[in-house]
Amino acid sequence: MRVRSAMAKAGRLALFLAVTAVGAGAQAAAQTVAATPPMGWNSWNKYGCNGINEKVVRDIADAMSSNGMKDAGYQYVIIDDCWQTDRDAAGNIVADAAKFPSGIKALADYVHSKGLKFGIYTDAGTKTCAGRPGSLGHEYQDAKQYANWGVDYLKEDWCNTLHGQSSESSYTLMRNALAASGRPIVLSICEWGSTKPWLWAGPVGNLWRSTGDIQDCWDCTTTWGGNGVIHIIDQINGLESYAGPGHWNDPDMLEVGNGGMTTEEDRAHFSMWALISAPLLTGNDLGNMSAATREILLNKEVIAIDQDALGQQGRRILKNGDSEVWSKQLADGGRAVVLLNRSAAPATIDVRQTDIGYPAGLAATVRDLWSAKESSGQIGSYSAQVPSHGVVMVKVKP
Ligand code: GLA
């Protein structure tokens with residue numbers, strides 16, 4: 001009797017442990033998808049619709065896995081618009097056979113064979129922005145197809161949606177379809193901030209565009225909502241409280257190395273994206289980078305700021321005309337601080353220790369993340385000469 005009750009007890013304990021393990025496993029899986037902002041490459045910024053094909057994608061995977069980027073944390077290789085042409089009689093999405101003759105599954109396998117992850121693009125409307133078939137009405141069918149192909153990341157755009165179509169319902173539908181596919185797939189919501197996704201997308205997707213399409217320029221604007229780097233920064237400021245592990249504001253993909261900005265501007269762009277915990281999705285030709293571009297994209301100390309486990313989106317804490325100071329709290333109690341000079345001339349920018357949330361008189365180490373110079377002591381305040389359209393980025397560690 002006693003033995004039996006001991007066995008029953010052991011059985012109950014085992015059941016309890018199993019249930020707890022399943023619960024913990026599910027939780028761990030939920031937490032590991034985009035626990036830090038996704039890093040990788042996306043085809044759109046450089047290759048657009050006409051330049052994308054399977055050779056480009058393979059070459060990018062080769063480059064990323066061998067040039068230090070994979071080791072630095074870049075992971076996803078994502079094909080944007082224009083890989084698809086049609087649906088077959090059964091409604092299955094059909095890839096462009098001329099540009100992707102080996103098929104999407106073979107391409108995903110290739111990317112995976114390099115130790116990387118594979119991403120793809122669709123649209124919540126009837127057609128993508130470039131006029132290819134969208135997923136409206138095919139969400140479950142497409143999600144199952146993506147999972148069968150081995151897709152790890154899905155960007156879903158918002159062109160050609162129906163009049164009155166709800167963004168929250170549409171993206172929730174795709175989220176449910178992806179969940180039903182049984183494969184963990186990052187969901188990147190791309191409705192350009194048009195329906196304030198930060199208010200509803202946290203439980204729906206892993207990242208959401210907060211703004212229109214990035215332009216490869218410092219401060220240009222377009223009539224249709226595409227903007228240069230500095231305007232995107234202004235638009236994302238104030239959305240800090242909505243971001244965190246698994247759910248990020250997305251100021252759009254990087255233009256570093258695409259030629260529209262100076263090295264100083266590219267460095268400022270990358271530094272600011274790290275400070276605001278943005279996805280670091282490169283958009284240049286990774287197999288053909290200048291030394292300056294490599295140095296920017298491979299700065300591990302700046303990447304570490306973006307990927308900090310606390311997942312706090314940095315914020316603007318001081319603004320004096322074109323001189324700004326931005327700060328981000330880090331998991332180790334430190335702060336990343338960016339001194340940003342938006343003006344056409346060099347400027348000296350100051351920040352006090354109390355401005356970044358430390359008591360006056362605290363001793364700290366200040367490390368410049370671009371020059372790798374370090375100083376320590378009771379800093380009180382920090383002052384640096386900042387180049388035009390440039391930054392000084394430091395990590396402060398008490
Ligand atoms: C929209 C998106 C871009 C890109 C294109 C593709 O403009 O915002 O990021 O995906 O569509 O057509």
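On a 1 Å grid laid over the protein atoms alone, a pocket is an open set of points with protein on both sides within 12 Å along at least five of seven lines, whereas a cavity is a set where a 1.4 Å probe fits but cannot get out. A molecule counts as sitting in one of these if more than half of its atoms lie within 2 Å of the grid points. Here, the space taken by the ligand is the largest pocket.

A word on the ground rules comes next. The model is a predicted one, so local features need pLDDT of at least 70 and side-chain atom pairs count only at pLDDT 80 or more, while totals for chains, interfaces and linings use all residues. Residues are numbered from 1 along each chain as its sequence is written, and side-chain values use heavy atoms, with hydrogens and water left out.

Around the ligand sit W44, D80, D81, Y121, C129, A130, K155, D157, C190, W192, R209 and D213; a residue makes this list if one of its heavy atoms lies within 4 Å of the molecule. The shell splits into 6 nonpolar residues, 6 charged ones and no polar ones. In this scheme Ala, Val, Leu, Ile, Met, Phe, Trp, Tyr, Cys and Pro are nonpolar, Asp, Glu, Lys and Arg are charged, and the others, Gly among them, are polar.

A side-chain N or O atom of D213 is 2.5 Å from a ligand oxygen. For K155, a polar side-chain atom lies 2.8 Å from an oxygen of the ligand, and for W192 the separation between a side-chain N or O atom and a ligand oxygen is 3.0 Å. On its own the ligand has 310 Å² of accessible area, and the protein covers 93% of that (Shrake-Rupley method, 1.4 Å probe; for residues, only the protein chains shown count as cover).

W192 belongs to the loop between strand 7 (186-189) and strand 8 (207-209), where strands are DSSP runs of E with at least two residues, helices are runs of H or I with at least four, and both are numbered from the N terminus. W192 is partly exposed because its relative accessible area is 27%; buried means under 20%, exposed over 50%, and partly exposed in between (1.4 Å probe, protein chains only). H389, also not a glycine, has a positive phi of about 50°. This residue lies in the loop between strand 17 (381-386) and strand 18 (390-397), and H389 counts as buried because its relative accessibility is 17%.

Elsewhere, strand 3 (residues 84-87) contains Q84, which is buried with a relative accessible area of 0%. A polar side-chain atom of Q84 lies 3.2 Å from the backbone nitrogen of C82. R87 is also in strand 3, and is buried at 17%.

Turning to helices, S170 is part of helix 7 (residues 167-181) and is buried at 10%. Q235, in helix 8 (residues 229-236), is partly exposed at 39%.

Notes. A polar contact is a pair of N or O atoms within 3.5 Å; within protein, one must be able to donate a hydrogen and the other to accept it, and residues adjacent in sequence count only if both atoms are side-chain atoms. On a 1 Å grid over the protein atoms alone, a cavity is a set of points where a 1.4 Å probe fits but cannot get out, and a pocket is an open set with protein on both sides within 12 Å along at least five of seven lines; lining residues have an atom within 4 Å of a point.
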